[in-house]
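Subject: Structure for you to look at, with notes

Dear colleague,

Please find below the structure that I promised to hand over to you. Could you open it beside this message, so that you can follow the notes on the model itself?

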Amino acid sequence: MQPRMENPAIIIPEASQPIQDLYLASKLGGVPETTLGLVHLRASQINGDSFCVSGDAQRAKEAGLSEQKLLAVGAWRDTPFFTDAERVALALAEAGTRLADRSDPLPDELWQEATKHYSEKELASILLTIAVTNLFSRLNVTTRQLAGSREWDR
């Protein structure tokens with residue numbers, strides 16, 4: 001498979017820095033880097049974004065995510081490796097990525113559970129991470145960006 005074109009944020013360089021700034025800002029809410037890595041990885045998996053999945057896995061590992069969790073993130077509901085807070089973050093990632101899959105994409109029960117584990121600022125961080133991940137995926141998947149296709153992704 002070949003990319004259809006270069007990533008749009010590279011073709012229009014004025015878009016690249018604001019997107020990167022949003023990505024960096026999403027990390028400022030006090031949520032552990034490993035949790036945000038799980039969120040980013042899970043949303044990328046759902047979107048079929050091989051470019052981000054490859055990079056996300058590496059960055060999550062560098063942030064200290066265990067190999068066990070990294071390998072199990074796709075089946076997080078059925079494994080004992082995740083904390084309750086991580087499970088809520090993963091559920092938010094799935095709900096925030098699969099908006100069209102149900103009439104109430106993020107049920108009140110999930111939101112209430114999330115507020116037991118995270119402050120408003122931490123929730124903002126998680127939601128921004130979900131949003132920017134989905135932005136990355138929309139650009140990467142539609143233009144067929146390939147895992148390992150850029151020097152910094154290897």
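What follows is a short account of some helices and of a few residues in and around them.

This is a predicted model, in which local features need pLDDT of at least 70 and side-chain atom pairs count only at pLDDT 80 or more, while totals for chains, interfaces and linings use all residues. Residues are numbered from 1 along each chain as its sequence is written, and side-chain values use heavy atoms, with hydrogens and water left out.

Helices α3 and α8

Two packed helices are described by the angle between their axes and the distance between the axes. Helix α3, residues 33–47, and helix α8, residues 120–142, have axes that come within 9 Å and cross at roughly 35°. Here the helices are DSSP runs (H or I, at least four residues; strands are E, at least two), numbered from the N terminus, and the axes are lines fitted to C-alpha atoms, for helices over the stretch in contact, with angles from 0 to 180 degrees between N-to-C directions. The crossing of α3 past α8 is right-handed, which is to say that the near helix is turned clockwise from the far one by less than a right angle. On the α3 side the contact (heavy atoms within 4.5 Å) involves residues including Leu36, Val39 and His40, and on the α8 side residues including Ile126, Thr129 and Thr133. By class, this contact has 7 nonpolar, 8 polar and 1 charged residues, where Ala, Val, Leu, Ile, Met, Phe, Trp, Tyr, Cys and Pro count as nonpolar, Asp, Glu, Lys and Arg as charged, and the others, Gly among them, as polar.

Thr133, found in helix α8, counts as buried at 0% relative accessibility, where buried means under 20% relative accessible area, exposed over 50%, and partly exposed in between (1.4 Å probe, protein chains only). Leaving aside neighbours within four places in sequence, Thr133 is in contact with His40, Ala43 and Ser44. The C-alpha atoms of Thr133 and Ser44 are 6.7 Å apart, although the two residues are 89 residues apart in sequence.

From the loop into helix α4

Asp49 lies in the loop between α3 and α4, and at 1% relative accessibility Asp49 is buried. Not counting residues up to four places away in sequence, Asp49 touches Ser44, Phe136, Ser137, Asn140 and Val141.

Helix α4, residues 50–62, reaches 18 Å from its first C-alpha to its last, close to the 18 Å expected for its 13 residues at 1.5 Å a residue, the expected span being 1.5 Å times one less than the number of residues. Which residues of α4 are buried? They are Phe51, Cys52, Gly55, Asp56 and Ala60. Seen down the axis of α4, these buried residues fall within an arc of 135° and so line one face of the helix, the arc being that of the directions from the helix axis to the C-beta atoms. Their cover includes α3, α5 (67–72) and α8. Gln58, also found in α4, is partly exposed at 42% relative accessibility.

Arg144, found in the segment after α8, has a phi near 60°, a positive value in a residue other than glycine.
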